[in-house]
Amino acid sequence: MPWIVIDDMFRFCIFLFVLVGLISSDPTVSAQPTGLPEAGQPSAPISSSPGQLYEQAKFYFNELQNNSTLARSRENWLKGTRNFRKVYLLTPKSGQAPACLYMLGNMYRSMYERFSLGIDLEESLSYYKDASRLFPEHTLADDALYLEALLYLEFKKDPKNATIALEKIIAQYPQGDFHAKAAEKLKTLSRDYDIPLPRSLVDNSQINQLVTIHPVKFWSSPEYTRIVVMADSPVTYSEIVVKEPQGPPKKLYIDFNNSYIPPDQRRRIAVQQAFLKQMRIDQIRADTVRVFLDVDEIDSYKIFSLPNPFRIIIDVHGARQSAVTAAKKPTVGKPAGSTPASSESPQSELTDIQQQPPAAEGEKQPATAVVVIRQDQKKRLLPPPAMPKEDALPKGQSKLSLAQQLGLGVRKIVLDPGHGGKDPGAIANQMQEKDIVLKIAQILKPKLAKQLNCEVILTRNEDIFLPLEERTAIANTEEADLFISLHLNAHPSQETRGLETYFLNLSTNAEAMRVAAMENATSTHQMSDLEGILSDILKNSKIDESSRLAKYVHKSMLTGLDGKNFGDVKNLGVKQAPFYVLIGAQMPSILLEIAFISNQIDAENLKNQQFVETVTDEIVKGISLYVQTTTASLSASP
């Protein structure tokens with residue numbers, strides 16, 4: 001015990017000796033400094049070097065922190081600040097100068113935490129700023145910036161100025177020891193205060209940076225919703241189904257890991273009178289984006305991704321509803337700023353956007369739009385079909401199909417002119433695929449509507465770009481009965497020509513895979529990725545019906561073009577292949593490769609109006625025969 005007392009007395013004597021030496025050599029007496037002290041003030045000669053004085057000042061600061069009795073007096077703290085200020089004034093360009101400014105910031109921060117005087121907080125901010133501004137190359141510069149940011153955030157409740165200081169660390173000190181901390185703090189500020197992240201934190205060229213999630217697109221009908229989430233690069237995701245205490249689940253969350261969505265794209269969208277009641281996308285954690293889906297009732301859902309560009313497709317299906325509900329017009333919704341598919345697409349009929357009432361005071365709530373759905377007032381009814389002759393049916397086909405026996409009919413057909421806008425499709429012989437298939441679709445539309453007395457919708461009626469998944473979504477949300485995608489083929493060999501028709505399925509045929517790869521605008525080796533997708537989302541009934549539709553249309557086109565002075569139209573057959581544009585289609589769907597734009601004879605035919613008229617007539621005949629042999633008309637209501 002006596003040794004402990006002697007040791008404490010010895011340390012206290014040393015402390016008094018240092019304190020007396022520092023005070024006696026201090027030429028300044030001001031206890032109220034503001035900002036950076038002026039350099040070059042006169043001072044009494046001293047025997048200690050700046051380095052020794054700096055260490056003595058640090059020693060005194062440590063004593064203030066560890067000795068509660070000494071720290072109780074604010075005057076003692078002011079003496080400590082004068083110690084560091086004196087060292088800085090003696091040698092404002094020495095190695096100790098930036099450290100002195102940094103330590104002054106620390107001392108005034110400690111004083112503010114202890115005495116709660118606003119002047120101390122301002123002094124601390126001032127010295128931290130001076131340390132990083134006057135000595136940007138020093139190792140303490142990013143430390144000072146980070147502590148400046150914490151002062152703004154924790155004490156001044158000013159996330160904007162905190163962000164400015166943190167962004168300087170990200171921009172100026174990428175290798176600094178505070179870069180990672182600044183990045184995490186910025187991600188948190190972005191989540192909590194909707195502050196945009198600096199581009200460098202969401203730059204895909206850098207390792208471990210966040211992947212940017214773009215505005216979500218969605219399409220919804222009374223029983224179906226498709227959501228497409230675009231990302232700058234591949235991102236991992238997981239889903240959470242929220243089950244109700246009683247009954248089926250009604251909420252689905254999809255979390256995207258290591259991702260970021262800009263604040264101006266975080267929003268809530270309410271959709272009235274549709275299967276999708278509400279959708280919200282938000283930054284729930286510093287590195288996690290969540291899509292919230294609130295629907296009527298989840299019967300099933302599928303989530304899959306597509307490459308180039310990377311996007312995640314979410315298909316959610318609800319329970320079948322009554323005939324009255326099913327008669328409502330399907331709906332399509334998109335976030336603000338998105339471009340409608342065409343003048344005929346569901347987007348253009350959507351709707352009135354209304355502002356939701358503001359959130360309660362203090363509640364953080366994403367921007368909200370309410371989408372009010374307009375409804376159809378009537379259905380189109382099919383005329384009674386003429387029953388085909390026995391020899392007109394495919395081999396093994398009975399006179400009445402299951403669809404006929406159930407009284408099902410074709411009310412609506414969606415025609416999809418492939419490509420468009422920035423995607424020209426195949427180019428050869430001074431022609432572009434996107435222009436020709438649009439012309440064919442525009443000629444085909446009125447013929448189909450007249451012959452079948454049904455509604456015909458084009459996915460695009462002008463030269464605009466539509467992603468592949470959007471085309472299928474239009475068909476699904478319009479509750480179409482048939483989906484026909486129109487394309488032209490191309491081949492490295494200019495001698496290759498002919499007609500081929502596709503339906504969606506897996507394929508090992510090399511030529512079918514080549515065509516699918518070209519239409520999917522992706523490389524052949526990625527086709528194998530679709531096996532898991534197709535095995536989950538395809539139903540045998542749709543494959544069978546699509547195959548039947550393809551055979552009828554293909555045979556009709558071959559028969560109609562034969563012997564019409566269009567050259568020898570080669571039959572390349574009905575094939576199956578994994579086309580992205582057909583994935584998720586809820587109705588029989590086919591893809592027509594009408595001709596080879598790369599072949600001179602086919603190219604001349606495509607310029608021939610008679611050829612185009614004949615092709616469209618035969619497509620109508622093929623679809624009509626399929627309808628007549630597969631479906632029965634709906635009887636009109638009184």
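Over the face of which residue does Arg 280 lie, and at what distance from the ring centre? I found Arg 280 over the face of Phe 292, 3.9 Å from the ring centre. The criterion I applied requires NZ of Lys or CZ of Arg within 6 Å of the ring centre and within 35 degrees of the ring normal. I then looked up Lys 422, whose charged end sits over the ring of Phe 465 at 4.6 Å from its centre.

**Basis.** I note that this is a predicted model, in which local features need pLDDT of at least 70 and side-chain atom pairs count only at pLDDT 80 or more, while totals for chains, interfaces and linings use all residues. Residues are numbered from 1 along each chain as its sequence is written, and side-chain values use heavy atoms, with hydrogens and water left out.

**Helix 18.** I took helices (H or I, at least four residues) and strands (E, at least two) as DSSP runs, numbered from the N terminus. Helix 18 covers residues 609-630, 22 residues, and reaches 31 Å from its first C-alpha to its last. That is close to the 32 Å expected at 1.5 Å a residue, the expected span being 1.5 Å times one less than the number of residues. At the start of helix 18, I found a side-chain oxygen of Asn 608 within 2.9 Å of the backbone nitrogen of Gln 610.

**Aromatic pairs.** I counted rings of Phe, Tyr and Trp (its six-membered ring) as paired if their centres lie within 6.5 Å, with planes under 30 degrees apart stacked, over 60 edge-to-face and the rest tilted. The count comes to 10 aromatic pairs. Tyr 552 and Tyr 626 have ring centres 6.3 Å apart and planes at 65 degrees, so I recorded the pair as edge-to-face. Tyr 552 lies in helix 16 (residues 540-561) and Tyr 626 in helix 18, so this pair ties together parts 74 residues apart in sequence. Both Tyr 552 and Tyr 626 are buried (under 20% relative accessible area; exposed is over 50%, partly exposed in between, with a 1.4 Å probe and protein chains only).

Phe 566 and Phe 611 form an edge-to-face pair, 5.1 Å centre to centre with 85 degrees between the planes. Phe 566 is in the loop between helix 16 and strand 21 (571-577) and Phe 611 in helix 18, 45 residues apart. Phe 566 is buried at a relative accessible area of 2%, and Phe 611 is buried at 4%.

Is Ser 124 buried or exposed? Ser 124, in helix 6 (residues 118-134), has 0% relative accessibility and therefore counts as buried. A polar atom of its side chain lies 2.8 Å from the backbone oxygen of Gly 105. Ser 116, in the loop between helix 5 (96-115) and helix 6, counts as exposed at 54%. I noted for Ser 116 a positive phi of about 60 degrees, although this residue is not a glycine.

**Nonpolar cores.** I defined a core as a set of buried Ala, Val, Leu, Ile, Met, Phe, Trp, Tyr and Cys residues joined through side-chain atoms within 4.5 Å. Of the 58 residues in the largest core, those touching the most other members include Tyr 54, Trp 77 and Phe 84. Helix 5 gives the most to this core, with 11 residues. A second, separate core of 49 residues includes Val 615 and Ile 623.

Key: A polar contact is a pair of N or O atoms within 3.5 Å; within protein, one must be able to donate a hydrogen and the other to accept it, and residues adjacent in sequence count only if both atoms are side-chain atoms.
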